[in-house]
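Dear colleague,

Here is the structure I said I would pass on. My notes on its charged residues follow below it.

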Amino acid sequence: MRLLHSALPPQSPPLLTSLPPIKASLLLPKKSSFNSHHKHLNHVLSNGFSLLLSLGLLVSAPIPTIALALESPSLQSPTSSLEVNCREDEAEEEDTEVVSKVVSNESIVEEAWQIVNDSFLNTSTRRSWSPESWLQKKDDILSSSIHTRSKAHDIIKRMLASLGDPYTRFLSPEQFSKMARYDMTGIGVNLRDVPDGNGGSKLKVLGILLDGPAHNAGVRQGDELISVNGVDVLGKSSFEASSLLLGPNGTSVNIMVKHGNCGPVQSIDVERQSIAKTPVFYRLEQIESGSTSVGYVRLKEFNALARKDLVTAIKRLEGMGASSFVLDLRDNLGGLVQAGIEIAKLFLNEGDTVIYTVGRDPQYSRNIIAEAPPLITAPVIVLVNKSTASASEIVATALHDNCRAVLVGDKTYGKGLIQSVFELPDGSGVVVTIGKYVTPNHMDINGNGVEPDFRNFPAWSEVNNRLSKCHKQQEG
């Protein structure tokens, strides 16, 4: 067994955009440690299996960083496609033949069982899990011989499905192989299975990266995905559909979407992108008849450039006279968790807790703290809405719970699980939920979201009073 990880996406030159001033009123919100002889690579995912941004599934050290991606074949002529597929099938058969000589089906199933036994964290309130019941499942599964590789994979799928965790799942050798290719990318959407009203499910765009490939091509949040490159996605999971969307940087994918619940169906070609673009936009606001300067910073996602560009923006705004700040995390669905952690540290005092990670294995239970003085000490308003998720929620709660900011807007999404990807001996893999995030005030983010302090934009005097009371409560 091994764990996957990858380097951060390639750095591109910073490009911070200063936007023209707008009225402050426009800022108001409207939204395992599994000991094995196999090679280890630490690879942890923060956004469950939902493939998000042009970076795919994401997470980072101290829970190690990954940019996860899967490939879908680019369009070719019928003849060349058949020839390529034929050659690929032959190669896969040869590989499987070699592997099957040295790896038994029973050992693959047993290792998948062991990974869950050592690392799985049950977060479901509807289904209980215990080491005792899991041990009984092992005895039941391995009581008879497993004659084929496909049968072994089916057993693993059923075994993982019995956990009742939508993010813990099996990866075929093909899916795992594609996941390990770091030059693959997506189109900037987050898909989710939703009931269709007829006992089945359909795939909807839960979130979309603003100004990302899909957004620029005309896809909107709430759209239903119907097909990818002519392949009907009805009945497919969001993970399966996302694997079809992903592919080499610069290639195009054709998607069929239905806009809204009753809108028209449209065929859209989207070009995949992997180059990290600055997610930071800023401007200086004048309020209270021009007597007070507020630095407004919008952070669209947490990518490799986020921390560096945010630091530059804050320093420039300070130089322009900003005495307080607004950090806009609305519609920011997350990204690189480590980027979120490092950004939160910019606002916290040395020794303040950023986030707790909780897991069955001690290596996944940590208290992540700020190691240096803050970049700024000015009061901060953080704008949030229902699409503020994952890394954004880590930043928002870190600043809020440490009395550095008030939250304004709507309740956040509530995404706080940690997944790891493990490779099995035959080249397949399993994704397992191994931990969750807990705020400095010991609130479980996942499934709960975070309530704002204010629904509407408050006066800065109210902000200062709220932060002052927060400090006094913590001190006394």
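Is Glu-110 buried, partly exposed or exposed? With a relative accessibility of 34%, Glu-110 counts as partly exposed. Please keep in mind that this is a predicted model.

Glu-110 forms a salt bridge with Lys-138, and their closest N and O atoms are 3.3 Å apart. The pair links distant parts of the chain: Glu-110 belongs to helix α2 (residues 105-119) and Lys-138 to helix α3 (residues 131-141), 28 residues apart. Lys-138 counts as buried, at 18% relative accessibility.

Across the whole structure, a search finds 11 salt bridges. Another of them joins Lys-345 to Glu-371, with 2.9 Å between the closest N and O atoms. Lys-345 is in helix α9 (residues 337-345) and Glu-371 is in the loop between β19 (366-369) and β20 (380-384), so this pair ties together parts 26 residues apart in sequence. Lys-345 is buried at 12% relative accessibility, whereas Glu-371 is exposed at 52%. Through shared partners, salt bridges join Glu-342, Lys-345 and Glu-371 into one network.

Arg-330 and Asp-328 also form a salt bridge, at 2.7 Å between the closest N and O atoms. Arg-330 is buried, with a relative accessible area of 15%, and Asp-328 is buried too, at 3%.

Asp-165, in the loop between α4 (149-161) and β6 (169-171), is buried yet has no salt bridge. The nearest side chain of opposite charge is that of Lys-415, 7.2 Å away. The side chain of Asp-165 does make a polar contact with the side chain of Thr-168, at 2.6 Å. Beyond its neighbours within four places in sequence, Asp-165 is in contact with Phe-120 and Thr-433.

Regards

Methods:
Residues numbered from 1 in each chain as written. Predicted model: local features only at pLDDT ≥ 70, side-chain atom pairs only at ≥ 80, totals over all residues. Heavy atoms only, no water. Helix = DSSP H or I, 4+ residues; strand = E, 2+ residues; numbered from the N terminus. Buried < 20%, exposed > 50% of the residue type's maximum accessible area, 1.4 Å probe, protein only. Lys, Arg positive; Asp, Glu negative; His and termini not counted. Salt bridge = Lys/Arg side-chain N within 4 Å of Asp/Glu carboxyl O. Polar contact = N/O pair within 3.5 Å; in protein donor to acceptor, adjacent residues only side chain to side chain. Contact = heavy atoms within 4.5 Å.
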